[in-house]
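Read it alongside the sequence and the 3D view.

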Amino acid sequence: MPFDPSKITSGGALPGEIDYRLARRMLISEYKKGRLDRHEVCDGQAELMRAARNVGEPSERKCPICEEAHVVLLTYVFGPRMPPGGRCVTTKKEVAALPRDGGDLAAYVVEVCPACKWNHLARTFLIPGKTKRSARSG
(Lines give C-alpha, C1' and ligand atoms only; values in the text may rest on other atoms or scores of the structure.)
Protein backbone atom coordinates (compact mmCIF):
# COMPACT_ATOMS: atom_id res chain seq x y z
CA MET A 1 0.00 0.00 0.00
CA PRO A 2 1.57 3.35 -0.98
CA PHE A 3 2.09 6.05 1.62
CA ASP A 4 -0.76 8.58 1.63
CA PRO A 5 0.01 11.64 3.78
CA SER A 6 -3.70 12.48 4.01
CA LYS A 7 -4.27 9.34 6.13
CA ILE A 8 -2.14 10.66 9.02
CA THR A 9 -5.04 12.27 10.86
CA SER A 10 -8.33 10.62 11.67
CA GLY A 11 -10.51 13.53 10.53
CA GLY A 12 -9.49 13.32 6.85
CA ALA A 13 -8.58 16.99 6.41
CA LEU A 14 -5.06 17.83 7.42
CA PRO A 15 -4.37 20.81 9.66
CA GLY A 16 -2.88 23.77 7.82
CA GLU A 17 -3.12 22.08 4.42
CA ILE A 18 -2.26 24.27 1.43
CA ASP A 19 -2.80 23.01 -2.12
CA TYR A 20 -0.70 24.52 -4.91
CA ARG A 21 -2.76 23.34 -7.93
CA LEU A 22 -3.51 26.88 -9.13
CA ALA A 23 0.16 27.86 -9.09
CA ARG A 24 0.94 24.60 -10.93
CA ARG A 25 -1.66 25.34 -13.62
CA MET A 26 -0.33 28.87 -14.08
CA LEU A 27 3.27 27.67 -14.45
CA ILE A 28 2.30 24.98 -16.98
CA SER A 29 0.18 27.48 -18.91
CA GLU A 30 3.06 29.96 -19.09
CA TYR A 31 5.37 27.19 -20.35
CA LYS A 32 2.90 26.02 -23.01
CA LYS A 33 2.40 29.62 -24.19
CA GLY A 34 6.16 29.90 -24.69
CA ARG A 35 6.66 32.49 -21.94
CA LEU A 36 8.95 30.15 -19.98
CA ASP A 37 11.75 28.02 -21.43
CA ARG A 38 12.06 24.35 -20.54
CA HIS A 39 15.28 24.93 -18.59
CA GLU A 40 13.37 27.37 -16.36
CA VAL A 41 10.82 24.77 -15.28
CA CYS A 42 12.91 21.59 -15.50
CA ASP A 43 15.46 22.46 -12.85
CA GLY A 44 15.40 19.60 -10.35
CA GLN A 45 18.49 19.44 -8.14
CA ALA A 46 20.61 16.27 -8.10
CA GLU A 47 19.44 15.15 -4.62
CA LEU A 48 15.78 15.67 -5.54
CA MET A 49 16.23 13.62 -8.71
CA ARG A 50 18.02 10.82 -6.80
CA ALA A 51 15.15 10.67 -4.29
CA ALA A 52 12.59 10.68 -7.13
CA ARG A 53 14.26 7.73 -8.84
CA ASN A 54 14.83 5.68 -5.67
CA VAL A 55 12.04 6.38 -3.17
CA GLY A 56 9.42 8.44 -4.99
CA GLU A 57 5.82 7.27 -4.84
CA PRO A 58 4.68 6.55 -8.42
CA SER A 59 1.57 8.32 -9.67
CA GLU A 60 -0.71 7.80 -12.64
CA ARG A 61 -0.19 11.39 -13.80
CA LYS A 62 1.96 12.06 -16.87
CA CYS A 63 4.50 14.86 -16.66
CA PRO A 64 2.85 18.06 -17.94
CA ILE A 65 6.14 19.23 -19.50
CA CYS A 66 7.68 16.24 -21.32
CA GLU A 67 4.36 14.33 -21.46
CA GLU A 68 6.25 11.03 -21.53
CA ALA A 69 7.14 9.92 -18.01
CA HIS A 70 4.90 9.64 -14.97
CA VAL A 71 5.57 12.04 -12.10
CA VAL A 72 6.47 10.68 -8.69
CA LEU A 73 5.59 12.19 -5.33
CA LEU A 74 8.12 12.91 -2.60
CA THR A 75 7.17 13.96 0.92
CA TYR A 76 9.71 15.93 2.95
CA VAL A 77 9.19 16.68 6.62
CA PHE A 78 10.75 19.61 8.52
CA GLY A 79 10.58 20.70 12.14
CA PRO A 80 12.19 20.57 15.56
CA ARG A 81 14.74 17.78 16.03
CA MET A 82 14.84 17.12 12.28
CA PRO A 83 17.91 17.44 10.02
CA PRO A 84 18.35 20.91 8.42
CA GLY A 85 17.47 19.48 4.99
CA GLY A 86 14.37 17.75 6.31
CA ARG A 87 13.64 14.07 5.99
CA CYS A 88 12.08 12.26 3.07
CA VAL A 89 9.37 9.88 4.32
CA THR A 90 7.68 7.16 2.33
CA THR A 91 5.56 5.14 4.75
CA LYS A 92 3.20 5.57 7.71
CA LYS A 93 5.74 3.69 9.82
CA GLU A 94 8.38 6.33 9.07
CA VAL A 95 5.93 9.11 9.96
CA ALA A 96 5.06 7.40 13.26
CA ALA A 97 8.76 7.19 14.12
CA LEU A 98 9.38 10.92 13.60
CA PRO A 99 10.28 12.90 16.73
CA ARG A 100 7.17 14.98 17.41
CA ASP A 101 7.63 15.90 21.04
CA GLY A 102 9.17 19.23 20.00
CA GLY A 103 6.00 20.42 18.26
CA ASP A 104 4.25 20.24 14.91
CA LEU A 105 6.12 19.12 11.81
CA ALA A 106 5.67 20.66 8.38
CA ALA A 107 5.30 18.26 5.44
CA TYR A 108 5.89 19.24 1.81
CA VAL A 109 4.74 17.02 -1.06
CA VAL A 110 6.67 17.62 -4.29
CA GLU A 111 5.80 16.30 -7.76
CA VAL A 112 8.92 15.30 -9.71
CA CYS A 113 9.45 14.02 -13.23
CA PRO A 114 12.51 11.74 -13.18
CA ALA A 115 12.87 12.07 -16.96
CA CYS A 116 12.94 15.84 -17.58
CA LYS A 117 13.64 17.16 -14.02
CA TRP A 118 10.38 19.11 -13.77
CA ASN A 119 9.31 19.58 -10.17
CA HIS A 120 6.61 21.50 -8.37
CA LEU A 121 5.41 21.85 -4.80
CA ALA A 122 2.04 20.10 -4.77
CA ARG A 123 0.89 20.77 -1.21
CA THR A 124 1.95 21.37 2.36
CA PHE A 125 0.37 20.31 5.63
CA LEU A 126 1.13 19.98 9.33
CA ILE A 127 1.73 16.75 11.19
CA PRO A 128 0.49 17.47 14.71
CA GLY A 129 3.07 17.16 17.47
CA LYS A 130 2.55 15.04 20.55
CA THR A 131 0.92 17.05 23.29
CA LYS A 132 2.26 16.73 26.79
CA ARG A 133 -0.38 15.66 29.26
CA SER A 134 -0.61 17.84 32.31
CA ALA A 135 0.00 16.18 35.64
CA ARG A 136 -3.19 15.60 37.59
CA SER A 137 -3.30 17.20 40.96
CA GLY A 138 -4.31 15.20 43.99
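Helices, of at least four residues, and strands, of at least two, are DSSP runs numbered from the N terminus. On that basis, the chain of this predicted model runs β-α-α-α-β-β-β-α-β-β along the sequence. The tally is four helices and six strands.

**Chain as a whole**
- The chain has 138 residues, and 38% of them are buried.
- Among contacts with a separation of 6 or more, 59% join residues 24 or more positions apart.
- The accessible surface is about 8800 Å², and carbon and sulfur atoms supply 52% of that area.

**Nonpolar cores**
- The largest nonpolar core contains 13 residues.
- Val41, Cys63, Ile65, Cys113, Cys116 and Trp118 have the most contacts inside this core.
- Helix H1 gives the most to this core, with three residues.
- A second, separate core has eleven residues, including Leu98, Leu105, Phe125 and Ile127.

**Val41 and its contacts**
- Beyond its neighbours within four places in sequence, Val41 is in contact with Leu27, Tyr31, Leu36, Ile65, Lys117, Trp118 and Asn119.
- Two of these partners, Ile65 and Trp118, are also listed with Val41 among the residues with the most contacts inside the largest core.

**Arg24 in helix H1**
- Arg24 lies in helix H1, which spans residues 21–32.
- Arg24 counts as buried because its relative accessible area is 13%, and the cut-off for buried is under 20%.
- With residues up to four places away in sequence left out, Arg24 touches Arg61, Pro64, Glu111, Trp118 and His120.

Methods
Residues numbered from 1 in each chain as written. Predicted model: local features only at pLDDT ≥ 70, side-chain atom pairs only at ≥ 80, totals over all residues. Heavy atoms only, no water. Buried < 20%, exposed > 50% of the residue type's maximum accessible area, 1.4 Å probe, protein only. Contact = heavy atoms within 4.5 Å. Areas by Shrake-Rupley, 256 points an atom, 1.4 Å probe, with all protein chains shown as cover. Core = buried A, V, L, I, M, F, W, Y, C linked by side-chain atoms within 4.5 Å.
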